[in-house]
Amino acid sequence: PARGLVEQVKEEPGHIHLQVRADGDSFLVITITGHRYWRALVDGQPATLLPANLAFQGLRLRAGNHDIELDYRNPLIAPAGIGSVFGVCFLFSLLIPFRRSADTA
């Protein structure tokens, strides 16, 4: 692998933007835990994330400057959040009879 340099990093929840310069064919190790919901774009094109160092992920890069976007989108987060809200509302509804009986006593 050739030498490379990460020139800029911008990190937000669920999103990472990198600007990378590679002197030749290289492998960029990204210290994010491997998970199937991570997606990568290299120069606007879908790229395959590969396992690296057991727990992390990496990308093969060709020589040149690259704009890399990494996004984490778990489709289960929204339904789980909605279920949690309904669960909390249900638990509070169970407390209403106890509060009314305490007010009347």
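Is Trp-38 buried or exposed, judged by relative accessibility? In this predicted model, Trp-38 has a relative accessibility of 14% and therefore counts as buried, since the term applies to residues under 20%.

The structure holds two aromatic pairs. In one of them, the ring centres of Tyr-37 and Tyr-72 are 6.3 Å apart and the ring planes stand at 80°, so the arrangement is edge-to-face; planes over 60 degrees apart are classed in this way. This pair connects distant parts of the chain, as Tyr-37 belongs to the loop between β3 and β4 while Tyr-72 lies in strand β8, 35 residues apart. Tyr-37 is buried, with a relative accessible area of 14%. Tyr-72, by contrast, counts as partly exposed because its relative accessibility is 22%, and that class covers values between the 20% limit for buried and the 50% limit for exposed.

Trp-38 also pairs with Tyr-72, in a tilted arrangement with 5.4 Å from centre to centre and 55° between the planes. Here too the pair links distant parts of the chain: Trp-38 is in strand β4 and Tyr-72 in strand β8, 34 residues apart. Through these ring pairs, Tyr-37, Trp-38 and Tyr-72 are joined into a cluster.

The largest nonpolar core comprises 14 residues, of which Leu-59, Ile-68 and Leu-70 touch the most other members. At least two residues of this core come from each of the strands β2 (15-22), β3 (26-30), β4 (38-42), β7 (56-61) and β8 (64-72). Ile-68 illustrates the contacts in detail. Leaving aside residues up to four places away in sequence, Ile-68 touches Ile-16, His-17, Leu-18, Val-20, Leu-28, Leu-41, Val-42, Leu-59 and Leu-61.

How values were computed:
Residues numbered from 1 in each chain as written. Predicted model: local features only at pLDDT ≥ 70, side-chain atom pairs only at ≥ 80, totals over all residues. Heavy atoms only, no water. Core = buried A, V, L, I, M, F, W, Y, C linked by side-chain atoms within 4.5 Å. Buried < 20%, exposed > 50% of the residue type's maximum accessible area, 1.4 Å probe, protein only. Helix = DSSP H or I, 4+ residues; strand = E, 2+ residues; numbered from the N terminus. Contact = heavy atoms within 4.5 Å. Phe/Tyr/Trp six-rings, centres within 6.5 Å; stacked < 30°, edge-to-face > 60°.
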